[in-house]
Amino acid sequence: MSFFQGTLNQFVLSKEQIQKIVDGMTEEFVEGLSTTDPKNITQQPSFITRLPTGQETGLYLAIDMGGTNLRTAAVHLLGDGKVGVTMEKHEITQELKTGTGEAMFDWIADCTASLLKKVVIDMGNADLHMGVTFSFALHQTAVNRGKVLAMGKGFDLSDVMGKDLKDLLETGFSRKNLPVTVSAIINDTVGTLVSHAYISPSTKIGVILATGTNAAYIERASEVSKYNGPACEQMILNTEWDAMGKASYLPQTKYDKEIDAVSLVPGFQEFEKMVSGLYMGEIFRLVLVDLIEQKAIFESSLNGQVPEALRPAKAFKTLFMSTIESDSSADHKAVDKVFKTSFGVDSLTSEDRTKVFNLVHAIGQRSAAMTAAACATLLYKANGGSVHLDAVKEITTIGIDGSVFEKYPQFSQKMMKELTKILGEDRASRVRLELARDGGSVGAALVAMISRNGGAM
Ligand code: GLC
């Protein structure tokens, strides 16, 4: 077999490899329910104990802090599953990501002030309650409190780890004289689940597939033995599936291992590093560099010499993969365009273009297959019972937000195909994968509203 084919095949998962992922994650989901090992950040109770009814109303502030952007929003819940949202988006610079906590929370307060100038004052709302979506792991201690755990996604903030996020935010607001109270703090997956359930009541799982990946679902409280808050019947859990993935079941290639080894936190978020938008482009780049050096691709144009523009880490964006895969014509002209414009590589042969397309496709397909495997594992749980109990007896919606799910060509169809392989046609026919939008702001506003009016949802 050629070097190219051998490399490509490492990204094509067999039925057995996928089953291994389902089995391995099942064990991790169960272990996470009871573990008290501080290093295990999975299955975090959100302190939210029910899904919304769709009838909630009110006006709330929300901020959504992700790996790439900070969104600030005024959310008007109108009832009947309807909302009005005014939003501002600010890019989080590299300098902020690796600076002090104080600089970060001052900046968040400034961004909030900018939104307030625009909307809330006009609406005459003096009572500023805020819901916060935080796309990083938190050890939640109440619906509006949580200690920051390891951050990932290229963040390295000093003086933040282990601190309470409500205190960090409110201290920043008061430094800027903003009368804002943090009424709820949620993970972005919890926001996606809650906000999608508001408009689509069969929603049982919320997933993010963006810079990072993760999911939340609703679990019977009796199963969550590590939870020791007020008594309840159900609990939304932030699974932090990003951080799952033991070497014994993850089909890591040498390229995946390299990505992990040079990352800010090696050994952390192994699953995410194989699946999400922050890493897919980089996986492709590492494979391509290897193939070029082995003269297994671009031989006639580069003859084993890797162009300088392809050398820096993250030089190949996941967005380029989307561009390449969206052109499925026989001559794959989009490949030429990407390589000429962004990397100065010219005169690719038709065979080169096909190889690039196939490799991009295999990496994207692997991401879809692994996400489907993780969803299938949760479906076994989310639809009525213990792991490996027969599931999906009724229509079950998974609300999914994030650039990879939304923009990567046919990601939804790819996931559905894989889910059908895992669950079988009958069960898979009752699963709906729906694009969820604005979960960060609407979900946070919903939870802020309910928790303000008398405790957990
Ligand atoms: C990362 C974070 C997680 C978040 C996910 C999606 O994996 O640890 O909390 O939900 O990214 O944004």
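D159 is found in the loop between β7 and α5; helices (H or I, at least four residues) and strands (E, at least two) are DSSP runs, numbered from the N terminus. The model is a predicted one, in which local features need pLDDT of at least 70 and side-chain atom pairs count only at pLDDT 80 or more, while totals for chains, interfaces and linings use all residues. Residues are numbered from 1 along each chain as its sequence is written, and side-chain values use heavy atoms, with hydrogens and water left out. D159 is not a glycine, yet its phi is positive, at about 65°. Most residues other than glycine have a negative phi. With a relative accessibility of 60%, D159 counts as exposed. Here, buried means under 20% relative accessible area, exposed over 50%, and partly exposed in between (1.4 Å probe, protein chains only).

Q269 also has a positive phi, near 60°, and is a residue other than glycine. Its place is the loop between α7 (254–262) and α8 (270–275). Q269 has a relative accessibility of 7% and counts as buried.

Helix α5 spans residues 165–175. Its buried residues are L165, K166, L168, L169, G172 and F173. Viewed down the axis of α5, these residues fall within an arc of 170°, so they line one face of the helix. The arc is that of the directions from the helix axis to the C-beta atoms. An α-helix has 3.6 residues a turn, so residues three or four places apart point the same way. The cover over the buried residues of α5 includes the strands β2 (57–65), β5 (128–134), β6, β7 (145–148) and β8, together with helix α4 (101–118). Contact means heavy atoms within 4.5 Å.

The protein is divided into domain 1 (1–46 + 200–436) and domain 2 (57–186). These bounds come from an automatic or database domain assignment. The centres of the two domains, taken over C-alpha atoms, are separated by 28 Å. Domain 1 gives 12 residues to the contact, and domain 2 gives 14 residues.

The structure holds 2 cavities of 30 Å³ or more. A cavity is a set of points, on a 1 Å grid over the protein atoms alone, where a 1.4 Å probe fits but cannot get out; lining residues have an atom within 4 Å of a point. Grid points are joined across faces, edges and corners, and a volume is the space filled by probe spheres set on the points. The largest cavity has about 70 Å³ of space. Its lining is formed by Q44, P45, S46, F134, F136, L138, Q140, I185, I186, N187, V190 and N238. Strands β1 (44–45), β6 (138–142) and β8 (180–187) each supply at least two residues of this lining. The largest share, 3 residues, comes from β8. By type, the lining has 7 nonpolar residues, 5 polar and no charged. Ala, Val, Leu, Ile, Met, Phe, Trp, Tyr, Cys and Pro count as nonpolar, Asp, Glu, Lys and Arg as charged, and the others, Gly among them, as polar. Domain 1 and domain 2 both give residues to the lining of the largest cavity, so the cavity lies between them.

M415 is found in helix α15 (residues 411–423). M415 is buried, with a relative accessible area of 0%. Residues up to four places away in sequence aside, M415 touches L209, A368, T371, A372, C375, I400, F405 and L433. M415 and L157 are 258 residues apart along the chain, and 35 Å separates their C-alpha atoms.

A73 is found in strand β3 (residues 69–79). A73 is buried, at 1% relative accessible area. Not counting residues up to four places away in sequence, A73 touches Y60, L61, A62, V85, T86, M87, L115 and S441. The C-alpha atoms of A73 and V431 are separated by 31 Å, with the two residues 358 apart along the chain.

I259 is found in helix α7. I259 counts as buried, at 5% relative accessibility. Neighbours within four places in sequence aside, I259 is in contact with K273, Y279, E282, I283 and L286. I259 and E270 are 11 residues apart in sequence and 9.5 Å apart in space, C-alpha to C-alpha.

A315 is in the loop between α10 (299–302) and α11 (318–326). Leaving aside neighbours within four places in sequence, A315 is in contact with E282, R285, A309, F320 and F343. From A315 to F343 the C-alpha atoms are 9.1 Å apart, and the two residues are 28 apart in sequence.

Methods. 1 Å grid on protein atoms, 1.4 Å probe; cavity = no way out; pocket = protein on both sides within 12 Å on 5 of 7 lines; lining within 4 Å.
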